[in-house]
Structure formats: C-alpha cells, structure tokens
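Thank you all for coming.

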Amino acid sequence: MNILLVGSGGREHALAWKIAQSPLVTRLVAAPGNPGIEAVCELRPVKADDAEGLAALAREIKADLVVVGPEVALAAGVADRLAAAGIPCFGPTAKAAQLETSKAFSKAFLERHSIPTAGYGVYETVQEAKAALDAFQPPYVIKADGLAAGKGVAISPDRADAEAEVERMLGGRFGAAGARVVIEEFMDGEEGSLFALCDGKQAVLFGGAQDHKRAFDGDTGPNTGGMGAYSPAPVFTADLVQQADERIVQPTIRKMAEEGAPYRGVLYAGLMATTDGPKVVEFNARFGDPECQVLMMRMAGDIVPYLLACARGDVSGLPAPAFKPQTVICVVMAAKGYPDSPLEGSIIRGADQDFGPHVQVFHAGTKRRDDGQLCRRRPRPERLRRGRRHRPGPRTRLRRHQEDRLARRLQPLRHRLAGAGAGLTVSAGCGRLAPWLIPRTTKMTTSRASSTSPTTRRTRRRPCVVSPTPRPGGS
C-alpha cells in the first residue's frame, strides 16, 4: 500500500521510521519531511497546513492512507479535505480536533459530560481575567486558548505574577491563540500522557509516557515544546489506566460521536494522578512530541494495521497493541537560546554516526545546507517570541513546588534505571549531543535492550536534570 505522512518534526520522523518497517508498505512519501525522514522515504515540498496541496499529492501517489502528524495540519482541515476526496486519513477533522485546538472548547466539553478535570473559567479581556483570579487560589494555572506550540501554559506562584501572565497572553504574546485565556484550578499530583487509538466509536489504549517541558537543569526554565520523555511511566499503574479508560478515554470518544464530531486518530490525554483519581489536564489530537519517539521504539509489531483501522473506522478486530518491556528515554538536544530566541543555523555534528542497535536519532527542526552540513532550520515566525526573553530568577517561580514535584516524579525512574536497561532516542535539533537522565560523570550509555553489553560513546560532560544511580561499570 502507498502511504502519505504529513509533517516535518521528530514525531513524524519516528512515525516514518516505524511505518517504513511494515511489510504492508509499498511506497512511503512524507510532506514536507526533514533530512532524517529523507533517509527512510521520499519527500515532497508540500506544507503541512496546505490541505488542497496535500489532497492533490495523495491523489497523485494513489495513497491508500494519509497519516497526519502535527496539530497545525489538523487545525487547517487536512482530514476534512481528504475525507471529501474519499481518502482514508489517520487524524481527526478540524471540528473533532478542537479538543486540542481550543482549550475553552475542551474544558466546556469535559464539563458538559462530567469527565473529571480542574475547575476553570474563560476570559477575553485583561480586566475580567484579573478580576477572576479572586475565585482561584495560588498557584494559578493560566493557558492560552489556542495552539501555542506547547508553550502556552504558565503556572504563577502569586497574584502579581498571574496578572503579569494574563497581560502577556492577552496582550498578543501568542497572537490569535491568546485571544482568550483559560484560568484553571491547580491540580496537585503526578502528570503523565496516556494515548489511545480511536476509530470514531471506540478507543484502544496505546501506552503511556511522561514528558518534561521545562528547559534548563533542575527543571527551572521556561516551558518548551518538550525537552524529553520516557516510557513506560511508573505513574500509570494498572488501576490508574483502567480508571482513565473508563472515566475519561471511552466517554470522550462516545460523546464526541454523539455531538456529531466522531474522533478518528490518536487521542493524547494529558492526565494528573490525584487523590481523587485521574483528571484531564488537557487533550492533544495527535501523538506527542517527544512522546511519539519513545512509543514508536517500544512498540512491538506493525503499526500500519492500527493506523489504517482507525482511518477506516473499525479497530474492533485488532488485538491490543504490544510493547517491549524495556524502558526507552528520549533526549531533546535543543539549540542554544531555545525556546525564547534559539540560535539559527548552528551546525549539528555527529548525528549521522552509528550509535548501535538500541539508539535512534530523530530529526526536528533540521535542514541540509548546500555544502551537505546538517544545521538548525530557521524557525517559523509564529513560533518565535520576538523581543522577549525569559525573565531572570526562574527559581522564584514555584521553586519549592517544582523541585519537590520533580523529585517525586523521578524517584521511581531512578530505581528503574538502576535495575534495568533503558532504551534511548535522541531528537537532534542542535550542534552537540549531551547526556540527559544520565549520571554527569559517566559516558552516554545506550539502551540495554538485550543481554549484550551496552555500547558507550564519549560526549561532553554537562550538568543534567537527574542523576540516576549508575549501573555497575557505568562511571
């Protein structure tokens, strides 16, 4: 079969890598793709939000299936256009994708159907948003309503900081995405990402992961699109997963169908494990990035039958997806200055070398220069925060809460990494490879996905987010 993959990030590279392994695939085309994706399939220069262009390309290659990766494509109505052309698409329509593209829509949907989430309010002016803070207790959770490349969430420790965030968001920081803000109750607990493959009527769970969005060592920097992830996530106990499936995932798919917006594709449920059970933090209408990278490396077997079944509207005949038992870690190597003002054009060296069978390098935001050098691609203007830098003194922002929460979240991982092998992916987006979730005095160690000794390679030693107990011989 012929498959068209839409997107150009690390998520799409991981999907291309996995799809290309399927014996069902005759031809795989990615649009627009990136240098890493080009190594596993052919590329076409069609933008991810060009619905008409992608429909034309799908007809040209006689695509049996189109797999949509990024949220911008969903918001642009790519799935709608393909449906009109009679081409099966893995990805929800623009109406169904509002679960991600509008936080106000998503919160109202959850409230209508009594699906557990935090209390909230939606505000369009600075004056009413500031006044509404009286109804909430610190820390304050403030979100831009629309798509903000994973950076539209702020957690403010006090009233003054919350009012400043409101002014920034409603003052144009995120453009049209910040025309409204959602203010939520703060939920205390451990957060994780649960995924489900959906056919419009029902859902099949597709594993869980835990990502980390704050930049800088010690989890002290600004929110980013994601600095790394690992799977499986210890927070997802069997009991928690069952509760989430019964109270959140299945009701969401049923109610979306009842409201005339059947949801086909992957549902990413960002959940908080609270003392009252799992609650929805937010929904995404696509695989997470970098969560997709760890899920694709962990999945055992062929992913294409699942993607096709979702697109055709019937997953009932498929077995539950199987995953390898090993832990997989994704490290995002970001350009200097990310996320506020990332350095453009920095050379990426070493990404093409062979790191062994248990390490994959996935590209995001990369391009090839005319001389063949791999470098950082110029970011899209809407993803730049022009003229704004992260404010000094980041530890003043929920310092104790964030550090205590980080310690609670990662303590199970310390023991897991100390006692078992871990898979490793690297999302290349800068000019150096540095260890993350690796003891600062050790060499970078690949996944121990087999009984053979892990391969080690020298890297620059840098401070890291957490220092798990070194394995024997690791330092």
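Before I name any strands, let me say that two strands pair if DSSP finds at least two bridges between them, and that helices (H or I, at least four residues) and strands (E, at least two) are DSSP runs numbered from the N terminus. What you see is a predicted model, in which local features need pLDDT of at least 70 and side-chain atom pairs count only at pLDDT 80 or more, while totals for chains, interfaces and linings use all residues. Residues are numbered from 1 along each chain as its sequence is written, and side-chain values use heavy atoms, with hydrogens and water left out.

As for confidence, pLDDT is the predictor's confidence in each residue, from 0 to 100; its mean over the protein is 83, and 79% of the residues reach 70 or more. Please be careful with residues 380–404, where pLDDT stays under 50 and the model has 44 contacts (heavy atoms within 4.5 Å) beyond four places in sequence. The pLDDT is also below 50 over residues 413–423, a stretch with 29 contacts in the model beyond near neighbours in sequence.

Let me turn to the parallel sheet. In what order do its five strands lie? The order is E3-E2-E1-E4-E5, in an open sheet with parallel pairing, and its edges are E3 (42–43) and E5 (89–90), each of which pairs on one side only. Strand E2, residues 27–32, pairs with E3 in the parallel sense over two bridges, and Val 29 has Glu 42 in E3 as its bridge partner. Strand E2 also holds Pro 32, and the peptide bond leading from Ala 31 to Pro 32 is cis, with omega near -5 degrees.

Helix H1 lies across E1 (2–7), E2 and E4 (65–68), and runs at about 165 degrees to E1; here axes are lines fitted to C-alpha atoms, for helices over the stretch in contact, and angles run from 0 to 180 degrees between N-to-C directions. The axis of H1 (residues 10–19) also comes within 8 Å of the axis of H10 (residues 291–298), and the two cross at roughly 15 degrees. That makes H1 roughly parallel to H10, a term used for angles under 35 degrees. From H1 the contact draws on Gly 10, Arg 11, Ala 14, Leu 15, Trp 17 and Lys 18, and from H10 on Cys 292, Gln 293, Met 296 and Met 297.

The other sheet has four strands in the order E6-E9-E7-E8, and is open with antiparallel pairing. Its edge strands are E6 (120–123) and E8 (153–156), each pairing on one side only, and the twist averages 20 degrees from one strand to the next. Strand E7, residues 140–144, pairs with E8 in the antiparallel sense over four bridges, and Lys 143 has Val 153 in E8 as its bridge partner. Helix H8 (residues 159–173) lies across E6, E7, E8 and E9 (181–184), running at about 5 degrees to E7.

Finally, two spots in loops. Most residues other than glycine have a negative phi, and most peptide bonds are trans. A cis peptide bond, with omega about -5 degrees, joins Pro 138 and Pro 139, and Pro 139 lies in the loop between H7 (126–132) and E7. Ser 114, although not a glycine, has a positive phi of about 55 degrees, and sits in the loop between H6 (103–112) and E6.

Definitions and conventions:
Angles under 35 degrees count as roughly parallel, over 145 as roughly antiparallel, 65 to 115 as roughly perpendicular and the rest as oblique.
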